[in-house]
Amino acid sequence: KNNFLEIGGPMPAGTRRALERACTTGQWLSVFPQTRNNTSIGKDEFRDGLCMQYHYQPANLPKKCDGCNKPFKVEHALQCKKGWLVIMRHNDIASEIGALASLAYGRAAVRDEQIINTSHDAAPTKQEKSSNLNDNKGDVMIR
């Protein structure tokens with residue numbers, strides 16, 4: 001490992017870190033793809049994974065972030081708290097939790113995006129009636 005980095009000569013810190021990590025983080029390349037275990041990926045995901053492994057920017061990234069309008073790079077996508085990527089990551093986790101819960105408890109015990117009732121005693125106010133019902137939904141309900 002050290003010989004390879006010495007032969008490469010001077011390089012940016014991010015590239016050096018990517019090459020140092022490449023020796024230990026390539027296990028995903030040796031996994032046999034199976035749809036049953038959700039380990040199959042498309043050609044774009046494979047290409048993007050290789051790019052990120054070796055500290056290159058994947059192709060076809062948007063120029064600006066849709067949430068904060070800053071320049072869009074992989075590092076920004078992983079850290080930005082606004083925009084559709086946050087919602088997509090959140091929904092992926094909620095979907096995975098629901099899938100695992102349905103395996104453990106059965107499909108009848110799991111519900112997606114259930115409406116949350118804030119109070120059964122009080123009548124809804126005008127503001128509550130006019131608010132969007134999507135604001136009062138949970139992600140996963142497990143009985």
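How much accessible surface does the protein chain have, and what share of it belongs to carbon and sulfur atoms? I looked this up first: the surface comes to about 11,800 Å², and 55% of it belongs to carbon and sulfur atoms. The area is a Shrake-Rupley value with a 1.4 Å probe, and for residues only the protein chains shown count as cover.

A note on what I am working with. This is a predicted model, in which local features need pLDDT of at least 70 and side-chain atom pairs count only at pLDDT 80 or more, while totals for chains, interfaces and linings use all residues. Residues are numbered from 1 along each chain as its sequence is written, and side-chain values use heavy atoms, with hydrogens and water left out.

Next, the fold. I found six helices and two strands in the protein chain, in the order α-α-α-α-α-β-α-β. These are DSSP runs numbered from the N terminus (helices H or I, at least four residues; strands E, at least two).

Of the 143 residues, 15% count as buried (under 20% relative accessible area; exposed is over 50%, partly exposed in between; 1.4 Å probe, protein chains only). Among contacts (heavy atoms within 4.5 Å) with a separation of 6 or more, 33% join residues 24 or more positions apart.

Last, charges. I counted one salt bridge (a side-chain nitrogen of Lys or Arg within 4 Å of a carboxyl oxygen of Asp or Glu). Arginine 47 pairs with aspartate 44, with their closest N and O atoms 2.4 Å apart. Both sit in helix 3 (residues 43-53), three residues apart, so about one helical turn separates them. Arginine 47 is partly exposed at 43% relative accessible area, and aspartate 44 is partly exposed at 45%.
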